[in-house]
Amino acid sequence: MSKGFIKAQRKRKPVKMLLTGPSHSGKTLSALYLAHGMGGRVAVIDSEHGGSTFYHGRDGLDFDIWELEDFSDEAYQEAIKAGVDSRYDVLVIDSLTHEWEWMKDYVDKLQGRFKNQFQAWSVASPRQQKFIEYILAAPVHIICTARSKTEWVIEESDGKKTVKKVGTTPQLRQGTEFEFDIILDLDLTHTAHVDKDRTGLLDGKIFVPTPEWGKLIAEWISSGDGTFDVPTQPLPAVADQGAVQGAVQYVDPAKVTQAIEAFLALGMTEEQVRAKLSETLGRELDIESVGKDEFKKIRELYRALAKGE
């Protein structure tokens with residue numbers, strides 16, 4: 001039961017950051033600089049075949065490393081829990097993209113057991129959401145990196161046309177990036193553009209990440225009310241993923257799957273259902289991130305079609 005309304009306070013809490021960008025935009029080094037500036041012991045959860053070790057010793061960077069042998073959500077969570085238990089002050093996860101690619105492969109395998117992709121996602125989506133919630137619940141500062149999809153654009157300046165590689169959306173589950181406190185999008189000059197900042201320190205700024213920026217963030221966090229000893233709070237074991245509670249609430253993907261099957265029962269094809277629901281929602285249908293209000297629209301659409309309206 002809720003305790004009711006209380007006076008709001010800006011409490012000390014571990015910050016969760018996400019650095020996105022195309023390959024060669026400097027995500028790993030930028031994350032290490034920020035972690036180093038935040039102070040304390042740093043560890044890297046590395047899915048890049050030990051690529052982060054190339055930066056050890058540069059400008060005084062010192063960190064431990066956990067090299068992932070597979071990229072499943074359980075493997076990442078095991079490493080996060082070990083980092084918390086070992087009392088590291090900052091964890092760098094480099095990168096989240098490999099876990100998402102693993103999850104999509106997992107869905108492909110699940111499709112052999114189900115009628116369609118929707119049913120496969122009804123199993124994988126809750127698992128993916130719990131993984132993100134595990135990161136958010138971890139009582140330690142975490143800086144994640146994620147690759148962005150790459151596109152080539154033509155830019156014209158002074159009558160000359162040049163082809164430039166740019167990053168677009170991060171290669172993560174749709175909406176995942178918005179779970180983080182700070183989002184930095186890096187370009188090929190290693191310059192960070194602030195996409196989101198709950199601290200207010202970086203909002204609107206364009207800069208090259210350095211340890212000084214990490215120190216600034218850490219000082220702001222330390223100025224909050226209460227105590228925050230990194231890390232002392234218990235983190236559920238990997239086998240107890242359901243104990244982690246997250247801030248974002250989506251409709252259970254299984255319910256969305258059932259709704260889609262109801263549309264199919266009306267004689268519509270899977271392609272027609274996907275197109276109709278995307279039109280209704282005003283965006284591409286993503287079974288993993290359907291909000292409650294959006295689900296109401298889906299139900300209203302079904303009732304209308306079922307009545308022949």
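## Salt bridges

This predicted model holds 8 salt bridges. Here is a look at some of them, pair by pair.

## Arginine 127 and glutamate 74

The side chains of arginine 127 and glutamate 74 form one of these salt bridges, at 2.4 Å from N to O. Arginine 127 sits in helix 4 (residues 117-137) and glutamate 74 in helix 2 (residues 73-85), so the bridge ties together parts that are 53 residues apart in sequence.

How covered are the two partners? Arginine 127 is buried, with 17% relative accessible area, while glutamate 74 comes out as partly exposed at 29%.

Aspartate 85 is exposed, at 52% relative accessible area.

Aspartate 181 meets arginine 198 in a salt bridge at 2.8 Å, N to O. This pair links distant parts of the chain, 17 residues apart: aspartate 181 is in the loop between strand 6 (160-170) and strand 7 (182-186), and arginine 198 is in the loop between strand 8 (192-197) and strand 9 (206-207).

Aspartate 181 is buried, at 9% relative accessibility.

## The whole chain

Zooming out, the chain has 8 helices and 9 strands, and buried residues make up 48% of its 309 residues. Of the contacts between residues at least 6 apart in sequence, 65% join residues at least 24 apart. The accessible surface is about 16,300 Å², with 50% of that belonging to carbon and sulfur atoms.

Terms used. Residues numbered from 1 in each chain as written. Predicted model: local features only at pLDDT ≥ 70, side-chain atom pairs only at ≥ 80, totals over all residues. Heavy atoms only, no water. Helix = DSSP H or I, 4+ residues; strand = E, 2+ residues; numbered from the N terminus. Buried < 20%, exposed > 50% of the residue type's maximum accessible area, 1.4 Å probe, protein only. Contact = heavy atoms within 4.5 Å. Areas by Shrake-Rupley, 256 points an atom, 1.4 Å probe, with all protein chains shown as cover. Salt bridge = Lys/Arg side-chain N within 4 Å of Asp/Glu carboxyl O.
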